[in-house]
Every structure is written in C-alpha cells, then in structure tokens.
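Here are my notes on the model, as numbered points. Please read them with the structure open beside you.

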Amino acid sequence: MRIAHISDPHINLKYHPQHLPRLRRVLEDALQRQAADHIVLTGDLTSNADARDLRTTRRLFETLGIMSASKLTIVPGNHDIYGGPHLAEELLGFPDRCKTTDYDEKLSIFQDTFSELFSDTIISGGSYPFLKRIRNVCFLGLNSNARHSLLNNPVGSNGEVGKPDRKEITELTKHHAWQTASQRIVLMHHHLFRRKDLDHLRLPDGVTSVGIAALLEQRTLKLHGKRHILKTFGEIGADMVLHGHVHFTAEYERHGIVCLNGAGAVHPISRSDGFNYFVIDVKPYQREISMVELPKKISEATVSSSDGNNLVTAAA
Ligand SMILES: [Fe+2]
C-alpha cells in the first residue's frame, strides 16, 4: 500500500487563491505519478477556518475521486479551528478572535464537511482519537489543537495531548485493528521537534535548516508535554508519526519513532525550496519512505504574485 502524506495546504480563496490549484497538482502527482493508494492530510486544510473554503476543499477531493474513507484520512489543524491573521492590520485583533472562537462548533463544522472520511473509524467517545484500519496499516488520528488559553495558547496555534487524551489513546489502541497492523501510524497536526533535532533533520536536496531554527523557538508553535506524548506513543508501539504545522518538509526521529513533517507540500516557508511531500510504501515486511518533489514545470504553474509580501507570512 502506498500512502502519500501532505500537510498544511491552507486553502483560502481570498488570500491564497494559488493554493487550490497547487493542492490539486500535488494530489494529482501523488495519485497518478506516484500511484498512491491512500492520501493523508495532517491539518490546516484551510487557512482561515471559513466554511466556504472547507466546502471548496471537499469539492476538490470529490473531483479527484478521493472523498471516501478508504482513499483519504484527515485530522484538523489550528487554522481549521482558529483561522489566522492574513493581513498586517489583522494581527492586533487576532488574539481576541481566538478568545471568542467557539472551538467545538468549528470542530463540528470540520467533521461535518468531511463526514464520509470518518465513516468507518473506531472511536471510544468523541470524534478523536480514532483508529482507521486500511489493509495492513492502522492510523491513529488525533486532534492535537489546544483550547484557547491566555497564558498557554493566546493565538490558538499551540498543541496539546493531555493526560485524559493519552489515557484514551492507550485504551483505544488495545483494539485488534491497531494491535494486528503491520504499520501503526499516528496522525496529528503539531510537531515533535526540539531545537537540538535541527542537526538531524533529513531535508529536501539543497534546503538548509536556516530559518527553521527561529520558527521552532516560537512560544506560539509549541506542542505542550511532548515528553509524555512520546512516552505514550512508545508504549502503544507506534511506528511513525505524520504531522505538519511548521511549513517545511523533513524526516527525523524521536524515541525510535520515525516522524515526517509534510507541511512543505503547498505553502512552504520558502518557495525556492520547491514543493515536497512524502510517499510511504508499506509492504508486508518492509517500509520505504520517499521525499517527493513536485516537478518544476508543474510547481511553477501554480506560483503567483500573491505568494509575495503583502500577506502576513503564514509559517504555521
Ligand atoms: Fe499551517
């Protein structure tokens, strides 16, 4: 089974109109050139949590024939709940917007828009965590978005997998769907990097970690309690973690678990890095990970002037 991992397309018809054709080309590349059987999208499907953008994204999936649970698995990112500031003048008011965001309502809209994709998931209570078994692979889908907090999550972009969630994960993964899978893959939006992991990232050819370092230091891009989360992932026997959130493509390892950041596929920090995503080929006794770059001709067709400086840089 071939899985394509893409993250953070940030669909937004108003401020990022180029992202829709670019996501389309990445998905077509994954489905046709890479012959992917299944697509995984780890959050920030939309940039501003607009219902219209969610519906547009859904229509793209329908057009490509992947709007079904067996073809596509998604989890939400912070932009799907809180949105983001897109113009400099929106920056000041954004913390207030996050404070008044109805987290549960936004999550419901996300779930309802893509309800078919969750139709055969195994859950123990709410929508997350969920298990989805496809052939010999079992996905554990998490909602890693923290609720708003003036101190710990003022602009909605921090992540959390708290103690009750970790307990639920431990219980849910006792299910035979997880226990008997040959690859157990965690899907979440937030990343597991530490500053010191920078030297050990596998990046696309020609890309350096300059610029990435500053992002990883930001207080507003944290996943709280990484050590506890990794301990739980180790205990449940996770083989891989696929995530997004910081907009570049990289492979690294934490506690013996391979982690892939697929967030450079559509809206990378630097356009000159190209548009990269992952293909994971799972065979009975073997797993192969490839970092795939969108062919230059295709990626150039989707670069527009609105990628430029008039927008607040959305790096997460
Ligand atoms: Fe993002």
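1. Leaving out neighbours within four places in sequence, Thr56 is in contact with Leu13 and Leu20 (contact means heavy atoms within 4.5 Å). Thr56 sits in helix 2, residues 51-63; helices (H or I, at least four residues) and strands (E, at least two) are DSSP runs, numbered from the N terminus. Thr56 counts as buried because its relative accessible area is 9%. The cut-offs are under 20% relative accessible area for buried, over 50% for exposed, and partly exposed in between, with a 1.4 Å probe and protein chains only.

2. A word on the source: this is a predicted model, in which local features need pLDDT of at least 70 and side-chain atom pairs count only at pLDDT 80 or more, while totals for chains, interfaces and linings use all residues. Residues are numbered from 1 along each chain as its sequence is written, and side-chain values use heavy atoms, with hydrogens and water left out.

3. Is Arg97 buried, exposed or partly exposed? Its relative accessibility is 31%, so Arg97 counts as partly exposed. Arg97 belongs to helix 4 (residues 94-100). Not counting residues up to four places away in sequence, Arg97 touches Asn48, Tyr82, Gly83 and Gly84. Leu117 is 20 residues from Arg97 in sequence, and the two are 29 Å apart in space, C-alpha to C-alpha.

4. His10 is in the loop between strand 1 (2-6) and helix 1 (19-33). Asp44 is in the loop between strand 2 (38-42) and helix 2. His10 is buried, with a relative accessible area of 0%, and Asp44 is buried, at 0% relative accessibility.

5. Look next at the peptide bond between Tyr128 and Pro129, which is cis, with omega about -5 degrees. Pro129 is found in the loop between strand 4 (122-123) and strand 5 (130-134).

6. An open sheet of 7 strands runs in the order 4-5-6-8-10-12-11, with mixed pairing (two strands pair if DSSP finds at least two bridges between them). Strand 4 and strand 11 (249-254) are at the edges with a single partner strand each, so one side of each has no neighbour in the sheet. In general, strands of a sheet pair through backbone hydrogen bonds, either parallel or antiparallel. Strand 5 and strand 6 (residues 137-141) are antiparallel, with 5 bridges. Arg133 is opposite Cys138 in strand 6.

7. How many aromatic pairs are there in the whole structure? The search finds 8, where rings of Phe, Tyr and Trp (its six-membered ring) pair if their centres lie within 6.5 Å. One aromatic cluster is formed by Phe61, Phe110 and Phe114.

8. The whole structure has 1 cavity of 30 Å³ or more. On a 1 Å grid over the protein atoms alone, a cavity is a set of points where a 1.4 Å probe fits but cannot get out, and lining residues have an atom within 4 Å of a point. The largest cavity holds about 70 Å³ of space, a volume being the space filled by probe spheres set on the points. Its lining includes Pro204, His247, Phe248 and Asp273. The lining of the largest cavity divides into 5 nonpolar, 6 polar and 1 charged residues; Ala, Val, Leu, Ile, Met, Phe, Trp, Tyr, Cys and Pro count as nonpolar, Asp, Glu, Lys and Arg as charged, and the others, Gly among them, as polar.

Conventions: On a 1 Å grid over the protein atoms alone, a cavity is a set of points where a 1.4 Å probe fits but cannot get out, and a pocket is an open set with protein on both sides within 12 Å along at least five of seven lines; lining residues have an atom within 4 Å of a point. Rings of Phe, Tyr and Trp (its six-membered ring) pair if their centres lie within 6.5 Å; planes under 30 degrees apart count as stacked, over 60 as edge-to-face and the rest as tilted.
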